[in-house]
Amino acid sequence: MLFLVCAAASALVWGAGDFAGGKASQRADSFVVALVAETAGIPLVIGWLLATGTSLPGVADLAWGAASGLVGITGLVIFYRALAGGAMSTVAPLTATTTAAVPLLLGLVLDQLPSALALVGAVLAVAAITLVSAGPRNGARASRGLLGLALLSGVLFGGYFTLVAQTSEASGMWPLLAGRVAGTAGLLVAMRALRVPMRARGRTLLLGGTAGAFDVAANALYLFAVRNGVLSVAAPLASLYPVSTVLLAMAIDRERMRPLQITGLGLAALALVLTAG
């Protein structure tokens with residue numbers, strides 16, 4: 001039961017981090033925001049490792065962590081590029097759904113099978129993500145290229161969930177540190193290749209740093225959940241992060257929810273009940 005609570009909590013925290021990162025992206029280049037968030041989390045992970053005294057794990061755990069970091073940051077860059085295409089109401093739900101579906105399917109192959117109720121709950125979570133992520137229609141149609149980018153970013157995000165789940169419990173937070181260092185290095189290489197200027201002001205740094213702190217907390221919760229539970233259930237629940245993003249947008253930005261999104265919230269609640277059954 002505790003792993004379900006941690007998986008759901010990671011979704012709430014990730015969604016809050018995405019909201020802060022989205023606000024920062026309105027003020028600065030998305031690459032810069034991603035870099036600020038990625039680097040801001042490194043001291044937090046190091047502090048945790050020093051406080052807990054977790055010994056350095058084997059090469060395999062660090063490699064899984066580094067691979068997950070590179071895959072995750074690549075997915076983020078592709079996702080931002082897809083959003084820039086203008087068809088956000090199509091790109092966002094397609095990416096979110098794919099993110100949840102990939103570890104669900106891989107978990108059924110790589111991990112132990114969950115109970116029938118839990119599996120139904122995981123599938124409902126995927127459906128809930130699709131509905132909650134559906135933003136207002138803006139009339140823009142997504143080209144095949146944009147749909148491909150949305151799918152690819154979702155596969156990469158789902159790959160992150162799956163890769164980091166392969167680390168051992170004894171490795172603690174070391175894989176997260178390896179992932180953030182690898183992700184930061186990858187971002188710097190990409191920004192240099194694309195000649196992206198590293199410009200960020202105080203408000204952007206604050207919002208980006210907040211996003212990074214929330215991301216570290218969410219990753220820690222997800223690691224506990226997936227190490228003590230089942231990948232095919234923990235990952236779809238953790239992928240419910242659009243729920244808190246939408247709720248924060250309602251509370252702070254006064255955005256109105258569509259009927260589809262309200263239905264998605266109901267499905268998310270039902271998914272949580274079923275997976276806990």
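I looked up sequence separation first. Among contacts (heavy atoms within 4.5 Å) in the protein chain between residues at least 6 apart in sequence, 91% join residues at least 24 apart.

I noted the basis of the entries. This is a predicted model, where local features need pLDDT of at least 70, side-chain atom pairs count only at pLDDT 80 or more, and totals for chains, interfaces and linings use all residues. Residues are numbered from 1 along each chain as its sequence is written, and side-chain values use heavy atoms, with hydrogens and water left out.

Next I checked the elements. I found eleven helices and zero strands in the protein chain; helices (H or I, at least four residues) and strands (E, at least two) are DSSP runs, numbered from the N terminus. The radius of gyration, taken over C-alpha atoms, is 18 Å, close to the 19 Å that the globule rule (2.2 Å times the number of residues to the power 0.38) gives for 277 residues, so the chain is as compact as a globular protein of that length.

I then looked at burial. Buried residues (under 20% relative accessible area, 1.4 Å probe, protein chains only) make up 49% of the 277 residues.

Last, I turned to one helix pair. Helix α5 (residues 116-132) packs with helix α9 (residues 231-238) at about 25°, their axes 9 Å apart. Axes are lines fitted to C-alpha atoms over the stretch in contact, and angles run from 0 to 180 degrees between N-to-C directions. That makes α5 roughly parallel to α9 (angles under 35 degrees). Ala118, Ala122, Ala125 and Ile129 of α5 meet Ser232, Val233, Pro236 and Leu237 of α9 in the contact.

Terms used
Parallel < 35°, antiparallel > 145°, perpendicular 65-115°, else oblique. Buried < 20%, exposed > 50% of the residue type's maximum accessible area, 1.4 Å probe, protein only.
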